[in-house]
Amino acid sequence: MLKGEHYEIASDGTLIAMATKPGMPEAASSLADTLAEEKGAEEKLSAIAEKGGDQATTL
Ligand SMILES: [Fe+2]
């Protein structure tokens, strides 16, 4: 699960960069919202993993 969030964060960052260059501010803004959600999920899963919740990192 945590690995998946990292993948999504990296993908969202790349897509935001791509959407910004051709002048697609609406898409970049929407993707920024998604990125914020992914970062929130990553923080929650990291906290679970730090407490020993292996399922947060392995699924
Ligand atoms: Fe996610």
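**Words and cut-offs**

Modeller: Gladly! Let us begin with Ala49, which is found in helix H2. This is a predicted model, in which local features need pLDDT of at least 70, side-chain atom pairs count only at pLDDT 80 or more, and totals for chains, interfaces and linings use all residues. Residues are numbered from 1 along each chain as its sequence is written.

Colleague: What makes Ala49 count as partly exposed?

Modeller: A residue is buried if 20 or more other C-beta atoms lie within 10 Å of its own, exposed if 12 or fewer, and partly exposed in between, with C-beta atoms placed from the backbone. Ala49 has 16 C-beta neighbours inside 10 Å, so it counts as partly exposed.

Colleague: Which residues does Ala49 touch, not counting residues up to four places away in sequence?

Modeller: They are Leu2, Ala56 and Thr57. Two residues are in contact if their C-beta atoms, placed from the backbone, lie within 7 Å. Ala49 and Leu2 are 47 residues apart in sequence, yet their C-alpha atoms are 8.6 Å apart in space.

Colleague: And what is Leu2 called, buried or partly exposed?

Modeller: Leu2, found in helix H1, has 19 C-beta neighbours inside 10 Å, so it counts as partly exposed. Leaving aside neighbours within four places in sequence, the contacts of Leu2 include Glu42, Leu45 and Ser46.

Colleague: Why is Glu5 called buried?

Modeller: Glu5 is buried because 20 other C-beta atoms lie within 10 Å. Glu5 is also in helix H1, and beyond its neighbours within four places it is in contact with Glu38, Ala41, Glu42 and Leu45. In H2, the buried residues are Leu31, Glu38 and Leu45. Over the 59 residues of the protein chain, 7% count as buried.

Colleague: What is Glu8 called, buried or partly exposed?

Modeller: Glu8, in helix H1 (residues 2-20), has 17 C-beta neighbours inside 10 Å and so counts as partly exposed. Its C-alpha atom is 7.9 Å from that of Leu35, 27 residues apart along the chain.

Colleague: How do you know that H1 is roughly antiparallel to H2?

Modeller: Axes are lines fitted to C-alpha atoms, for helices over the stretch in contact, and angles run from 0 to 180 degrees between N-to-C directions. The axes of H1 and H2 come within 9 Å and cross at roughly 160°. That makes H1 roughly antiparallel to H2, since angles under 35 degrees count as roughly parallel, over 145 as roughly antiparallel, 65 to 115 as roughly perpendicular and the rest as oblique.

Colleague: How many helices and strands are there in the protein chain?

Modeller: There are three helices and zero strands. Both are DSSP runs numbered from the N terminus: helices are H or I with at least four residues, strands E with at least two.

Colleague: What makes the chain more spread out than a compact globule?

Modeller: The radius of gyration is taken over C-alpha atoms, and the globule rule is 2.2 Å times the number of residues to the power 0.38. For 59 residues the rule gives 10 Å, and the protein chain has 14 Å, well over that, so it is more spread out than a compact globule. Its C-alpha atoms fill a box of roughly 45 × 15 × 10 Å along the principal axes.
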